[in-house]
Amino acid sequence: MNMKKNILILSLSTLMLIGCAKSKNDQKSEKKELQKVEMQEDHSMGTLPVEKRIAFMSGHVEVGLALYRAGKPDQAAQHLMHPVSEMHQAERAGIDALGFNAEVFKAVSKAMDSGKPASEIEPMLTEAEENITLLQKNAGGDLSEIILFLMETVVEEYSAGVRDGKIVESGEYQDAFGFSVIALKTSKRMEGDNSAPLTAELMKLVDMWPAGAPLADSTPETVKNVVEQTNTIIKNL
C-alpha cells in the first residue's frame, strides 16, 4: 500500500533527523524537507477525498473542544474556527450535503469570543461534536486508509510542534493530539480481529498527551516515541 510505504519512509526520516544535534540551519532544512514530503504526499485540501478532509477537520474540532472545556478559549480559538474559517473553504467543499451545520460552529465561536465559559454552552459544544461525528459517518470511506492518513499527519504535525524535548509550535502539538483522538474513534467503528489491538495501540498514542487537554505549556512526549507508536499502529492495520 503506497500510503503505508510513504508514512514509514517519513517516520524513519524523522527518527534519523531527531537523532542528530541540529543547528538552526539544520532545523530550517528539516522543515523544508518535511514540507516537500507533504507536497509529494498530495495532502492539499483540493485533492484529498472528502472523508479525509472531514477527518482532518474533525481533528481540529476535537482538540478545540478539549482546550475550551479545559478553560483555555484562547488556545481553542484557532482550532474551533477551522470549520467556518474563510482560510479553509477548500476543506469544506461538498460537505453540506453530508449534514454539515455551519451555524452551530459560528455560534460556538461567537460564545467563545464573548468570553462565555464552556460550562455555560456545553449543549452547544455537544451539538458541534455530534455534527462532526455525523459527517464522519456520512462520508464513509475506507477506515484503515483514514487512520493511515491521520497517522501520517500526526507524524508531520508532532515533528513540527516538538523539538529537543520542548513545544516549539503549540498549534501543531495540539493538532497531533486531535488527529490521534479521531483515529482512535475511527478504530472503534472497525470490525474484525484486528480492531481491538488497533484500538488499544491508538489509546496508547492518545495517552502520550496530558489527560484532559494538550495545553501549550505541557511537557511533551519525545518525537521518537510518538513516531514509534504511530508505526506500531500501522502494523496493526
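# Exercises on a helical fold

Of the 237 residues in the protein, 48% are buried. The model is predicted, and the exercises below proceed from the overall fold to single residues.

**Exercise 1. Describe the secondary structure of the protein and the order of its elements.**

Solution. The protein contains 10 helices and 2 strands. Read from the N terminus, the elements follow the order α-α-α-α-α-α-α-β-β-α-α-α.

**Exercise 2. Determine how helices H3 and H6 are oriented to each other, and characterise their contact.**

Solution. Begin with the axes. Those of H3 (residues 50-69) and H6 (residues 122-139) come within 10 Å and cross at roughly 160°. Next, apply the cut-off: angles over 145 degrees count as roughly antiparallel. H3 and H6 are therefore roughly antiparallel to each other. Their crossing is left-handed.

Now list the residues that meet. On the H3 side they include Ile 54, Met 57, Val 61, Leu 65 and Tyr 68; on the H6 side they include Leu 125, Ile 132, Leu 135 and Ala 139. Charged residues also take part, among them Glu 51 and Arg 69 in H3 and Glu 129 in H6. By class, the residues of this contact comprise 9 nonpolar, 3 polar and 5 charged.

**Exercise 3. Identify which elements build the largest nonpolar core and which residues have the most contacts inside it.**

Solution. The largest nonpolar core has 60 residues. At least two residues each are supplied by H3, H4 (73-80), H5 (102-113), H6, H7 (143-161), H8 (170-187), H9 (195-206) and H10 (223-235). H3 provides the largest share, 10 residues. Within the core, the residues with the most contacts are Tyr 68, Leu 150, Met 151, Leu 202 and Trp 209. Tyr 68 also belongs to the H3 side of the contact with H6. For Leu 150, once neighbours within four places in sequence are set aside, the contacts are Ala 55, Phe 179, Ile 182 and Ala 183. As general background, nonpolar side chains in soluble globular proteins tend to be buried together.

**Exercise 4. Decide whether Ser 180 is buried or exposed, and name the residues that it touches.**

Solution. First, locate the residue: Ser 180 lies in helix H8. Second, take its relative accessible area, which is 0%. Buried means under 20%, so Ser 180 is buried. Third, list its contacts, not counting residues up to four places away in sequence: Ser 180 touches Val 154, Leu 202, Leu 205, Val 206 and Trp 209. Two of these, Leu 202 and Trp 209, are among the residues with the most contacts inside the largest nonpolar core.

Methods
Residues are numbered from 1 along each chain as its sequence is written. This is a predicted model: local features need pLDDT of at least 70, side-chain atom pairs count only at pLDDT 80 or more; totals for chains, interfaces and linings use all residues. Side-chain values use heavy atoms; hydrogens and water are left out. Axes are lines fitted to C-alpha atoms, for helices over the stretch in contact, and angles run from 0 to 180 degrees between N-to-C directions. Helices (H or I, at least four residues) and strands (E, at least two) are DSSP runs, numbered from the N terminus. Angles under 35 degrees count as roughly parallel, over 145 as roughly antiparallel, 65 to 115 as roughly perpendicular and the rest as oblique. A crossing is left-handed if the near helix is turned anticlockwise from the far one by less than a right angle, and right-handed if clockwise. Contact means heavy atoms within 4.5 Å. A nonpolar core is a set of buried Ala, Val, Leu, Ile, Met, Phe, Trp, Tyr and Cys residues joined through side-chain atoms within 4.5 Å. Buried means under 20% relative accessible area, exposed over 50%, partly exposed in between (1.4 Å probe, protein chains only).
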